[in-house]
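This report describes how the parts of one protein chain are arranged. Please look at the sequence and the structure first, then read on.

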Amino acid sequence: KDIVIGMLQSLSMKSYSPDLFAQFGLSVFDECFEYDTRVLTEHGNVCIGDLYLAWKGGMELPKILSYNVNTKKFEYKPLIYASKKKTKYFVNVQYEDAYGDIDSFICTERHKILTTGGYVEAQDLVGLHQIVGYDKDRGGQLYRVRKTTPIIYDEEYIEVFDIEVKDNHNFIIKNVFTNVVVSNCHHISAEVFSRSLFKIVTPYM
């Protein structure tokens, strides 16, 4: 089946034929990680789910390590938004470093990962892609993608989380022994979402 990608901002601002969305069976809004995915912060590695709970509870938040694509430098920036949703569609991304050591991470299939060619959805990563990573002692690193494996939880939906980081709009996740740069969510205001939702007549998640 065909997959059509659209922007909520466009949906909210433009007029469309009432029948346009009747041809679609499902609308998906999805870019997230599971609760225990570790995020690099000024206070160490923190679970993304814990960051969400701290933001939701109005607690003091650590600054998040992020990557400035213009200056090519890593820097700490404030967390300005966090979100939670449920899904059962994930992908396991396996990659290797310059020494041939293999690492991996799991995220929702459409989460964007920073590569030398820009951001690429996790499900579209292939062997030609090089993921941008971070090492505390050596700075920026490149990791070659080995393979991606779809994961579908048949029995239940899993809570997943995302954060938004000021200015750079990315953050670094901690895996077994390497760290990779991933795009953050882009907060859509309730007004924008409300203007979009009534136009979409499909189920959504």
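Two strands are said to pair if DSSP finds at least two bridges between them. Helices (H or I, at least four residues) and strands (E, at least two) are DSSP runs, numbered from the N terminus. The model is predicted: local features need pLDDT of at least 70, side-chain atom pairs count only at pLDDT 80 or more, and totals for chains, interfaces and linings use all residues. Residues are numbered from 1 along each chain as its sequence is written, and side-chain values use heavy atoms, with hydrogens and water left out.

**The chain as a whole**

The protein chain has 3 helices and 15 strands. Of its 205 residues, 42% count as buried, where buried means under 20% relative accessible area, exposed means over 50%, and partly exposed lies in between (1.4 Å probe, protein chains only). A contact means heavy atoms within 4.5 Å. Among contacts in the protein chain with a separation of 6 or more, 61% are between residues 24 or more positions apart.

**An open sheet and its helix**

Strands of a sheet pair through backbone hydrogen bonds, either parallel or antiparallel. Here, 3 strands make an open sheet in the order E1-E13-E6, with antiparallel pairing. Strand E1 (33-34) and strand E6 (79-87) are at the edges with a single partner strand each, so one side of each has no neighbour in the sheet. E1 pairs with strand E13 (residues 158-165) over 2 bridges, in the antiparallel sense. Within E13, Val 160 stands opposite Glu 34.

Helix H2 (residues 48-56) packs on this sheet and touches E1, E6 and E13. The direction of H2 makes about 115° with that of E6; axes are lines fitted to C-alpha atoms, for helices over the stretch in contact, and angles run from 0 to 180 degrees between N-to-C directions. The buried residues of H2 are Ile 48, Gly 49, Leu 51, Tyr 52 and Ala 54. After H2 comes Gly 58, with a positive phi near 70°.

**Other strand pairs**

| Strands | Pairing | Bridges |
|---|---|---|
| E2 and E14 | antiparallel | 2 bridges |
| E14 and E15 | antiparallel | 5 bridges |
| E11 and E12 | antiparallel | 6 bridges |
| E11 and E15 | antiparallel | 2 bridges |

Strand E14 (residues 170-174) has 4 of its 5 residues buried, so it is largely enclosed by the rest of the structure. Lys 174 in E14 is the bridge partner of Arg 38, while Ile 172 stands opposite Val 181 in E15. A hairpin of 4 connecting residues joins E14 to E15.

Strand E11 (residues 130-135) is mostly covered, with 5 of its 6 residues buried. E11 and E12 also form a hairpin, with 3 residues between them, and Asp 135 stands opposite Gly 139 in E12. On the E15 side, Tyr 134 stands opposite Asn 179.

**A loop residue**

Glu 42 lies in the loop between strand E2 (38-41) and strand E3 (44-47). Is Glu 42 buried or partly exposed? Its relative accessibility is 39%, so Glu 42 counts as partly exposed. Beyond its neighbours within four places in sequence, Glu 42 is in contact with Leu 61, Pro 62, Lys 63 and Tyr 76. The side chain of Glu 42 reaches the backbone nitrogen of Lys 63 at 2.9 Å. Tyr 76 is 34 residues from Glu 42 in sequence, and their C-alpha atoms are 7.0 Å apart.

**Cores**

In soluble globular proteins, nonpolar side chains tend to be buried together. A nonpolar core is a set of buried Ala, Val, Leu, Ile, Met, Phe, Trp, Tyr and Cys residues joined through side-chain atoms within 4.5 Å. The largest one has 27 residues, and those with the most contacts inside it are Phe 105, Ile 131, Ile 163 and Phe 171. Elements giving two or more residues to this core include H2, E6, E13 and E14. Ile 163 has contacts with residues that include Val 39, Leu 51, Tyr 81 and Phe 171. A second, separate core of 9 residues includes Leu 40, Leu 114, Ile 172 and Val 181.

**Cysteines**

A disulfide is a pair of cysteine sulfur atoms within 2.5 Å. By this rule there are 0 disulfides. The cysteine sulfur closest to that of Cys 107 is in Cys 32, at 9.7 Å, which is too far for a bond. Cys 32 counts as buried because its relative accessibility is 0%, and Cys 107 counts as buried at 0%.

Key: A polar contact is a pair of N or O atoms within 3.5 Å; within protein, one must be able to donate a hydrogen and the other to accept it, and residues adjacent in sequence count only if both atoms are side-chain atoms.
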